[in-house]
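Subject: Structure handover

Hello,

I am passing this structure on to you. Please open it first; my notes on what was found follow below.

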Amino acid sequence: MRYIPPVRAIHPEISLVFTLGLALLVTPAAWGQTATSEADAAISKGVELRRQGKNEEALEEFQKAFRLVPSPRAKAQIALAEQAIGRWADAERDLADALREAGDPWIARQRAVLTDAMSVIRRHLGGLTVKGEPAGAVVELDGEAVGVIPLPERHVTAGEVVVTVRAPGYVSVTRKVTVTPGELAAEVFRLKRLEGVTAAVPTGAAGSAGDPVTPVPTPVTPANPPTVTAAADQPAPSANPRLRTAAWASAAGGGAFLAAGVTFLLLGQRKVDSFKNDNTCDIDDRGGVTGGSHCQDLYDSWHTDRTVGIVGVAVGGALAVTSAVLFVTTQPAARPSQALAGCGPGAGRGVSCVFRF
């Protein structure tokens, strides 16, 4: 059994492999840091606009921050800006989403302020339900389709709400409904058929039901919505689109490096076998190659292939781990009605499966 000494030098090809591997490892972190910095800058700008009374412009900045990094902090700032411009139902929904993130450090520190804001918001909301016939008729509130009959109880801004109910083959009905803060308005609509037209009421639901109404005290004039600062606090993102892209890039890079690494190792093994099977090739006591230039070429080529293969496998493994971590840490919360994977009968024979990432 011939002795083949270990690698003694780093070839230019290996240096290139290291450089590419490190670049792919660093890029996801750089993307995430850039998005976080831009989101923080947008939040800071929005807070300053709030101080100047420019609440609609501030809302745009907070929404921009949330698109960059969908953090509870950005969602809470969106809700406070919506509160300031009187979008009470939207403010309640967004602030409730933020307060549900109980483990977020920023939300924990600002919970008292945010809870007080929620109390003020709910003093401007009432409940509304819509029932009647035909079942499945579309319900619109102030021109926006929000669901179908029967429409479960949902929060709406107190005051006058324009309710429209429409269905194919029926006469549409529009009615103004007064919603009192903290109370439930229950409306019943019965549409009349159009003469000579066969009704075709949709069976699917458009929109979604709102949260149950929680009784609240008699409304009072609210104080100016709080401006929560603490811009230095940076909660970790929960579903950054750029990091998801980086996760896919890491997965692709990892697979490429692993494939290349295994290929070079196999090529190197073939050259080792050729070296051993050539009776003219050997290694002397000082570690030198004997047997002519072709033996030295085989040895050097194996040397390079083996090293590049090891580096490729190592970098590919590192990228694969990076990809797995990014996929886990940026996985968006699945909606109750949306499974991450599922199988069912296909269009033809067999079974069709769907996986969501």
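To start inside the sheets: Gly127 has His155 as its bridge partner in strand 4, and Gly127 also stands opposite Leu184 in strand 7. Helices (H or I, at least four residues) and strands (E, at least two) are DSSP runs, numbered from the N terminus.

Before the rest, some ground rules. This is a predicted model, in which local features need pLDDT of at least 70 and side-chain atom pairs count only at pLDDT 80 or more, while totals for chains, interfaces and linings use all residues. Residues are numbered from 1 along each chain as its sequence is written, and side-chain values use heavy atoms, with hydrogens and water left out.

Confidence

The pLDDT is the predictor's confidence in each residue, from 0 to 100. For the protein chain the mean pLDDT is 76, and 69% of its residues reach 70 or more. Among the elements of the chain, strand 2 has the highest mean pLDDT (94) and strand 11 (residues 351–355) the lowest (48). Two stretches call for care when you look at them. Residues 230–238 have pLDDT below 50, and this stretch has 22 contacts in the model beyond near neighbours in sequence. Residues 333–341 are also below 50, with 9 contacts counted in that way. Contact means heavy atoms within 4.5 Å.

The sheet 4-1-7

Two strands pair if DSSP finds at least two bridges between them. An open sheet is formed by 3 strands in the order 4-1-7, with mixed pairing. Strand 4 and strand 7 are at its edges, each with a single partner strand, so one side of each has no neighbour in the sheet. The twist averages 30° from one strand to the next. Helix 4 packs on this sheet and touches strand 1 and strand 4; the direction of helix 4 makes about 110° with that of strand 4. For these angles, axes are lines fitted to C-alpha atoms (for helices over the stretch in contact), and angles run from 0 to 180 degrees between N-to-C directions.

Strand 1 (residues 125–133) runs antiparallel to strand 4 (residues 151–157), and 5 bridges join them. With strand 7 (residues 184–190), strand 1 pairs in the parallel sense over 7 bridges.

The sheet 3-2-5-6

Another open sheet has 4 strands in the order 3-2-5-6, and its pairing is antiparallel. Strand 3 (144–148) and strand 6 (173–179) are the edge strands, each pairing on one side only. Here the twist averages 30° from one strand to the next. Strand 2 (residues 138–141) pairs with strand 3 over 4 bridges in the antiparallel sense, and Leu141 stands opposite Glu144 in strand 3.

Nonpolar cores

A nonpolar core is a set of buried Ala, Val, Leu, Ile, Met, Phe, Trp, Tyr and Cys residues joined through side-chain atoms within 4.5 Å. Buried means under 20% relative accessible area, exposed over 50%, and partly exposed in between (1.4 Å probe, protein chains only).

The largest core has 19 residues, and those touching the most other members are Leu128, Val130, Val139, Leu141, Ile149, Val163 and Val165. At least two residues come from each of strand 1, strand 2, strand 4, strand 5 (159–166), strand 6 and strand 7. Strand 5 gives the largest share of this core, 3 residues. Leaving aside neighbours within four places in sequence, the contacts of Val165 include Val130, Val139, Ile149 and Phe189. Another core lies apart from this one; it has 16 residues, including Trp88, Ala98, Trp106 and Leu114.

The disulfide

With a disulfide taken as a pair of cysteine sulfur atoms within 2.5 Å, the count comes to 1. It joins Cys281 to Cys295, S to S 1.8 Å. The torsion about their S-S bond is about -80°, so the disulfide is left-handed. Cys281 lies in the loop between helix 6 (241–277) and strand 8 (282–283) and Cys295 in helix 7 (residues 293–329), so the pair ties together parts 14 residues apart in sequence. Cys281 and Cys295 are both buried.

Glu61 is in helix 2 (residues 55–68) and is buried, with a relative accessible area of 14%. Not counting residues up to four places away in sequence, Glu61 touches Ala42, Lys45, Gly46 and Leu49.

Asp104 is in the loop between helix 4 (88–99) and helix 5 (105–122), and counts as buried at 8% relative accessibility. Asp104 and Pro72 are 32 residues apart in sequence and 7.3 Å apart in space, C-alpha to C-alpha.

Regards
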